[in-house]
Each structure stands twice: as C-alpha cells, then as structure tokens.
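Here's a quick briefing to read with the model open beside you.

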Amino acid sequence: MHNSGKRLILIELNEINFDVVEKYVAADVGRFPALAKLLSGAKVRTTSEENYEHLEPWIQWPSVHTGCTFAEHGIFRLGDVVGKKMPQIFEQLEQAGCKVGAISAMNAENRLTNPAYFVPDPWTQTPSDGSWWSRALTEAVSQAVNDNAQAKITPKSALQVALALVRFGRPRHYLRYLQLVLASRRKSWLKPLVLDLLLHDVHWSFFNAKRPDFSTLFLNAGAHIQHHYFFNAEPLRGKVANKNPEWYVKPSDDPVADVLGIYDLIVGECFSRTDTEVILATGLAQKPYDRLKFYYRLNAHADFLRSLGIEFTGVYPRMTRDFLIEFDTEAQASAAQAVLASVQVKIDGRALFGEIDNRGKSLFVTLTYPEEITDLTEYVVGNKVQLLKPVVSFVAIKNGMHQPQGFAFFTSGVQAYAPEDMTHVSNIGKCILNYFGLQSHAVR
C-alpha cells in the first residue's frame with residue numbers, strides 16, 4: 001500500500017489542450033491562478049494511438065481504466081466496455097480492499113460489488129450504485145446530454161437537475177451558477193459548464209460523505225466546447241485558417257476562456273485539498289480542425305427508423321451524431337443496414353449515414369453528412385423524397401480535431417508513481433494501481 005495513507009482522486013479533464021492553456025496563462029497573468037500553478041507543477045505528456053480513427057475519448061479512457069492500449073482492450077465504440085472481460089482499475093482496487101467511487105467515468109462499466117458511489121456516463125448502459133440520488137442524476141444527466149442538440153430538457157429532468165443544485169450546489173458557487181444560467185441565454189455553450197460545475201459539487205459531496213480510497217470525476221464541457229468553438233480561442237485567432245460565421249458565434253466571444261474560468265475554480269479546489277492526492281489527466285487533446293464541417297443529430301431516432309420501415313428492438317443515442325440500433329436477428333440488422341446506407345442527400349448524392357458498423361444483431365451508425373442543411377435540403381430513400389431539416393438538429397460546426405498527445409499532472413504524494421514523459425496514456429491506470437501497491441492485470 002502507498003506510504004502517504006492519503007486517498008486519491010483522478011480528475012478526467014477530457015481532451016483539454018494545455019499547450020493552449022499555457023498561452024492563456026502567459027497572456028494574462030493572474031487570470032487563471034490555479035491552472036498556472038498546475039502548469040508549474042509535476043506533469044507529463046502522454047501519447048495514445050497512432051491511427052486517427054482510434055483517437056477517441058471512448059477508446060483512450062478505457063486505456064486509462066484498464067492499463068491497456070487499444071490493441072489490448074479492443075474497446076472501439078462508446079458503450080462497448082459493457083460485457084468486456086478486461087479488468088478495470090475500479091474493481092481491481094475494490095478486490096484489494098479499497099473503497100471506490102466514480103462520477104461519469106467515460107466508457108466504464110459498474111462491476112463494483114459495493115461502490116461508495118457510481119454515476120455512469122450519459123451514454124453507457126450500466127447501472128448506477130442504486131441510491132436515489134445516483135439514479136436521479138444518471139437519468140437527468142443522460143436525458144439532458146443526449147437531447148442537448150435540440151436544447152430540450154424534459155420537465156422531469158429539469159426538476160431533477162434543480163433538486164440536485166439545491167442538494168449539492170455549494171453556497172460558494174451560487175453566484176457562479178446564477179451567472180452561468182443567465183448568460184447561457186445568449187451563450188448556449190455555457191450550459192454544459194453548469195453541468196460540469198454541478199458534477200464537481202456532487203463529487204465533492206459524495207467524496208466527503210463516503211470517504212472512498214479512490215475516486216474519479218469525468219468532465220466533458222471543455223472537450224465539447226473546443227470541438228465546437230476552438231477557432232474563437234484568443235491564442236489561436238489569426239493563426240488558424242478558418243473562422244466561425246457570425247450567426248454561429250460572435251467574433252468577440254471566447255468560449256474556451258469561459259471553460260477555463262470554471263476549470264480554474266474546480267482545479268483550484270481539488271488541488272487545495274490537504275487530505276488527498278490528485279491526478280489530473282486529459283486522455284488525449286484537440287488541435288484546430290483544418291476545414292469547416294457541420295454536425296447534425298437525429299431528433300427522434302426511433303421515429304426516423306420507423307419512417308424508413310426498419311424493424312428494431314431498441315435504439316440508443318450516443319455522443320453527438322452516433323446511435324446504436326439493436327435487432328432480434330442478424331437478417332433484420334442487414335436489411336436495416338441496406339436501407340440506411342441508401343439514404344442520400346438529394347442536392348449532392350452524398351450518404352446521410354456514411355458510417356454503419358454491423359455487429360451481427362446491432363448497428364452502430366453515424367450521421368456523417370458534413371454540409372450545411374437548409375430549409376430546402378431534401379433526402380432520398382428509394383422513390384421517396386423528404387425535407388431533411390425537420391428530422392435533424394444542428395449540433396455545431398467542427399472546430400477541434402483529436403491529437404494523440406495528452407497531458408497529466410500529479411500532486412507531490414503521487415508524483416513518484418507518475419509514468420515517464422511521452423509514454424502511452426494507459427500508464428496512468430498503472431500509476432494508480434501502483435500507488436495502492438497493486439500491479440496492472442494487463443497482459444503483455
């Protein structure tokens with residue numbers, strides 16, 4: 001067992017590019033004090049997969065959680081962790097006598113016998129710890145995140161989020177919550193930051209009450225905002241070829257700076273704890289995209305599939321443009337694949353669903369059409385021509401693309417277990433096991 005006797009928190013600050021953060025910190029000294037202190041401390045750069053199609057957070061975070069590369073764990077899609085045999089650090093630590101908690105860890109399956117707490121990510125079909133608050137948070141966050149493209153939150157979810165804010169929102173953050181909610185009427189990108197701050201407060205409350213030995217907190221607003229508004233980041237202006245249109249975001253707005261304001265608060269609070277060691281990791285990171293690309297999402301997945309005459313047993317929205325369809329038979333899946341592959345946008349003949357992964361009795365589908373969809377855009381299926389805009393919602397213009405290099409930071413008590421610079425991100429998982437005196441179960 002580790003010598004310090006201190007508990008350990010892993011903050012999964014998904015895809016944040018700390019090379020860009022460093023430019024913000026240097027340009028305005030004192031604006032982001034916690035991030036400046038973080039950058040001055042113990043850190044390593046991580047690497048991940050070389051193949052671009054394998055640079056996805058739902059691949060890299062399982063690498064952290066299992067201590068394995070993609071070639072070893074084989075988890076390719078969001079939600080694919082369910083049913084995999086590869087051991088995760090969560091159950092390995094529990095089996096060694098540690099108490100474990102997790103809030104929204106991406107593509108992680110709840111295999112814990114007695115979790116301190118477990119709130120799954122919004123996309124993975126795995127149970128929460130079963131407590132009332134965890135179940136309510138799981139339901140509300142999943143609905144809010146998966147319907148974010150339509151800015152639609154159900155009354156039930158709105159009530160659950162409001163109750164969670166009352167129950168878990170810390171008084172020191174009340175003003176910040178109010179500012180974010182009021183400003184989000186014009187700056188829609190602030191809504192995910194409300195959720196990240198709430199998840200931080202939920203984690204703070206659970207961590208203090210349940211006192212686990214190890215806990216993880218996954219935050220995704222920064223990745224989401226980089227993907228959609230990276231061109232507007234102050235350090236990148238004039239240095240990237242593309243600009244966002246003014247109808248999308250004002251040239252004077254900097255959503256990335258808004259993210260860093262909230263993350264500075266969260267990082268400052270987590271790293272100021274004297275009773276806990278902290279690792280902050282990004283999994284991978286983003287760099288500016290090289291062209292303009294539009295993202296859309298189906299409004300009502302089940303209704304759309306029925307309109308095409310597709311028979312299915314279940315459909316599950318995943319992140320942004322992706323969804324999983326389940327069938328009773330392989331023949332139904334193959335028939336559905338043929339129909340979906342035939343859907344074309346009339347104006348240019350391009351496929352609406354350019355990626356369809358047939359897994360036997362299920363299809364993993366991505367709405368890949370990259371051009372702007374107007375009131376006149378139509379799609380064609382067989383002899384039927386329909387307007388496309390009513391069945392999809394605009395999500396964003398892609399601004400950020402994944403890069404294999406990530407970042408990790410360590411407090412002094414866990415620094416000795418940190419991997420070498422520029423080693424695979426899976427070594428973060430091994431570092432955590434080593435801190436608790438365990439060896440990774442990864443097969444070499």
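**Rings and charges**

Arginine 170 has its charged end sitting over the ring of tryptophan 204, 4.1 Å from the ring centre. Keep in mind that this is a predicted model.

**Charges over rings**

- There's another arginine to look at: arginine 321 lies over the face of tyrosine 295, and the distance to the ring centre is 4.1 Å.
- Back at tryptophan 204, this residue also belongs to the H9 side of the contact between H9 and H11.

**Aromatic pairs**

- How many aromatic pairs does the structure hold? The count comes to 23.
- One of them brings together phenylalanine 168 and phenylalanine 206 in an edge-to-face arrangement, with 5.4 Å centre to centre and 85° between the planes. The pair counts as edge-to-face because its planes are over 60 degrees apart.
- This pair ties distant parts of the chain together: phenylalanine 168 belongs to helix H7 (residues 155-168), phenylalanine 206 to helix H9 (residues 191-210), and 38 residues separate them.
- Buried or exposed, what about phenylalanine 168? Phenylalanine 168 is buried, at a relative accessible area of 3%, and phenylalanine 206 is buried too, at 10%.
- Elsewhere, ring pairs join Trp189, Tyr229, Trp247, Tyr248, Phe294, Tyr296 and Phe394 into a cluster.

**Helix packing**

- H9 packs with H11 at an angle of about 5°, and their axes are 10 Å apart. That angle is why the two helices count as roughly parallel to each other.
- On the H9 side, the contact is made by Leu193, Asp196, Leu197, His200 and Trp204.
- H11 brings Asp258, Val259, Ile262, Tyr263, Leu265, Ile266, Glu269 and Cys270 to that contact.
- On how residues line up along one side, the general rule is that an α-helix has 3.6 residues a turn, so residues three or four places apart point the same way.

**The enclosed helix H3**

- Helix H3 (residues 57-66) is largely enclosed by the rest of the structure, because 10 of its 10 residues are buried.
- Which residues of H3 are buried? They are Pro57, Trp58, Ile59, Gln60, Trp61, Pro62, Ser63, Val64, His65 and Thr66.
- Just after H3 comes glycine 67, with a positive phi of about 70°.

- Valine 44 sits in strand S2 (residues 42-47) and is buried, at 9% relative accessibility.
- Valine 44 and aspartate 421 are 377 residues apart in sequence, yet their C-alpha atoms are 4.8 Å apart in space.
- What does valine 44 contact, once neighbours within four places in sequence are set aside? The list is Gly406, Phe407, Ala408, Phe410, Pro419, Glu420 and Asp421.
- Valine 381 is in strand S14 (residues 378-381). Valine 381 counts as buried because its relative accessibility is 16%, with the cut-off for buried being under 20%.
- Between valine 381 and leucine 340, 41 residues apart along the chain, the C-alpha separation is 8.6 Å.
- Leaving out residues up to four places away in sequence, valine 381 touches Leu308, Val339, Ser342 and Val343.

- Where is asparagine 244? Asparagine 244 is in the loop between helix H10 (221-229) and helix H11 (255-271), and it is buried at a relative accessible area of 10%.
- The side chain of asparagine 244 makes a polar contact of 2.9 Å with that of asparagine 232 and one of 2.8 Å with that of asparagine 399.
- Not counting residues up to four places away in sequence, asparagine 244 touches His228, Tyr229, Phe231, Asn232, Val249, Ile397 and Asn399.

- Asparagine 107 isn't a glycine, but it has a positive phi of about 55°.
- Asparagine 107 lies in the loop between strand S3 (100-103) and strand S4 (117-119), where it is buried with a relative accessible area of 0%.
- Arginine 211 is another residue other than glycine with a positive phi, near 50°. The place to look for arginine 211 is the loop between H9 and strand S5 (214-219).

Conventions
Residues numbered from 1 in each chain as written. Predicted model: local features only at pLDDT ≥ 70, side-chain atom pairs only at ≥ 80, totals over all residues. Heavy atoms only, no water. Phe/Tyr/Trp six-rings, centres within 6.5 Å; stacked < 30°, edge-to-face > 60°. Helix = DSSP H or I, 4+ residues; strand = E, 2+ residues; numbered from the N terminus. Buried < 20%, exposed > 50% of the residue type's maximum accessible area, 1.4 Å probe, protein only. Lys NZ or Arg CZ within 6 Å of the ring centre and 35° of its normal. Contact = heavy atoms within 4.5 Å. Polar contact = N/O pair within 3.5 Å; in protein donor to acceptor, adjacent residues only side chain to side chain. Axes fitted to C-alpha atoms, helices over the stretch in contact; angles between N-to-C directions. Parallel < 35°, antiparallel > 145°, perpendicular 65-115°, else oblique.
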